[in-house]
Structures are given as C-alpha cells and as structure tokens.
Amino acid sequence: EPREEHQEHIQPPAFTKDSPSPRQHIYRNEKGKPVFVVERQARLEGGKTFRQHGINSHTMEGIERLPYQLHHWHDHKAIIICEGEQGVEALNKYGYPATTNPGGAGNWQSELNKYFTDKDVYIIPDNDEPGRKHALHVAEQLHKAANTIIISNVCSDLNEKDDIIQWLQRNNPKTLFNELT
C-alpha cells in the first residue's frame with residue numbers, strides 16, 4: 001500500500017504483471033547502434049530468466065559490454081544507476097538520465113567504468129541485500145572514474161525487494177532529484 005502522505009502523488013505503474021514477457025532490452029553504443037540484447041523470459045515455475053546475445057549472434061563472445069541506454073545519457077554530466085532495465089525505462093519516462101548494467105545485481109563489469117569518467121553518479125539500490133551489495137560494488141568500481149558518487153537509499157522505506165519503480169509509483173517523480181542528494 002502507498003504511504004498515506006503520498007496518496008495524491010500515486011503514479012500509474014510503469015510496468016504491470018501484464019507487461020510483455022518475453023521482453024527485449026537492446027543495448028546500444030553512444031551513436032545508438034544496437035550492439036547486444038538482453039531477453040527477459042518468465043519461467044513456467046515462476047520467476048524469470050535472462051539471456052544475452054549479440055545483435056547478429058547467439059552468444060556474447062567478442063562483444064563489448066555497454067551500460068544500458070548509453071546513447072541517451074553519454075553526454076549528460078549526472079547519471080542515475082539503478083538495478084534493471086525496467087527501472088531505467090521508468091526513470092527515463094520521467095526525464096531522468098539513467099542506466100544499468102547487463103546481468104543485474106552482482107554483475108558489474110569493470111569495462112563499463114570508462115563510460116562514467118567525470119560524471120556525477122547517483123546509485124539507487126533495490127531494497128534488498130543483493131541490491132545494497134551491488135550499489136557498494138558499483139561505487140567501488142567507479143571511484144577512480146566518476147567525479148562524485150552518491151548511493152541514495154530512496155527505496156529503503158519501501159517493502160523488501162521493492163525498487164525505483166515502486167518508489168516512482170508511490171511518490172511524486174518530480175521530487176526524486178531532491179531525494180538523491
């Protein structure tokens with residue numbers, strides 16, 4: 001249930017249980033050229049699974065990993081990192097430059113660090129232990145590249161495992177940047 005003080009700001013869900021599955025998230029380079037795909041599929045027994053492959057390949061062999069939506073934010077000074085492509089898309093919906101890494105929590109690759117050189121980075125962890133560990137790991141990875149790094153636990157008042165999508169649903173999205181600092 002949304003907190004009562006935010007009832008007037010309840011947003012329509014960015015994604016619902018009826019959202020398409022499988023979903024494809026296309027990772028593009030700075031110029032917008034598709035490089036690889038992350039496919040999300042529902043498992044019959046519940047949960048979800050992800051598969052990554054190159055645009056013209058069935059594997060990721062020889063393909064450089066990129067942060068998600070790079071072509072939209074590479075020229076921004078400030079960038080939000082959250083966990084998962086859906087969170088990025090929800091943030092983009094409200095005009096926030098955002099990204100994530102392929103593979104989810106615990107799968108940050110050091111080859112992504114160069115894209116954050118001299119950026120002001122805001123990391124929003126999911127409200128669970130893997131999310132908090134992932135945020136710390138990303139911050140450690142970026143400490144030599146980024147200008148500033150802030151881990152913003154805006155989701156900490158939400159239910160366990162909730163993330164930025166639920167935060168946007170229960171709060172006024174226009175206030176997010178004030179909450180990050």
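The expected span of a helix is 1.5 Å times one less than its number of residues. Keep that rule at hand for this predicted model.

**Exercise 1. Compare the span of helix α3 with its expected value.**

Step 1. Helix α3 covers residues 129–142, which is 14 residues.
Step 2. From the first C-alpha to the last, α3 reaches 20 Å.
Step 3. The expected value is also given as 20 Å, and the span is close to it.

**Exercise 2. Find out how the buried residues of α3 are arranged around its axis.**

Step 1. List the buried residues: Gly 131, His 134, Ala 135, Val 138, Ala 139 and Leu 142.
Step 2. Look down the axis of α3. The buried residues fall within an arc of 135 degrees, so they line one face of the helix.
Step 3. Recall the general rule. An α-helix has 3.6 residues a turn, so residues three or four places apart point the same way.
Step 4. Turn to the face away from the buried side. Lys 133, Leu 136 and Glu 140 are exposed there.
Step 5. Ask what the buried residues pack against. The partners are β4 (78–82), β6 (120–124) and β7 (148–151).

**Exercise 3. Identify the residue that caps the N-terminal end of α3.**

Step 1. Check the backbone nitrogen of Gly 131. A side-chain oxygen of Asp 128 lies 2.7 Å from it.

**Exercise 4. Describe the surroundings of Asn 101.**

Step 1. Locate the residue. Asn 101 sits in the loop between β5 (98–99) and β6.
Step 2. The cut-off is under 20% relative accessible area. Asn 101 has 1% relative accessibility, so it counts as buried.
Step 3. Follow the side chain. It reaches the backbone oxygen of Asn 107 at 3.3 Å.
Step 4. Set aside neighbours within four places in sequence. Asn 101 then contacts Tyr 27, Asn 107, Trp 108, Leu 112 and His 134.
Step 5. Link back to Exercise 2. His 134 is one of the buried residues of α3.

Terms used:
Residues are numbered from 1 along each chain as its sequence is written. This is a predicted model: local features need pLDDT of at least 70, side-chain atom pairs count only at pLDDT 80 or more; totals for chains, interfaces and linings use all residues. Side-chain values use heavy atoms; hydrogens and water are left out. Helices (H or I, at least four residues) and strands (E, at least two) are DSSP runs, numbered from the N terminus. Buried means under 20% relative accessible area, exposed over 50%, partly exposed in between (1.4 Å probe, protein chains only). The arc is that of the directions from the helix axis to the C-beta atoms. Contact means heavy atoms within 4.5 Å. A polar contact is a pair of N or O atoms within 3.5 Å; within protein, one must be able to donate a hydrogen and the other to accept it, and residues adjacent in sequence count only if both atoms are side-chain atoms.
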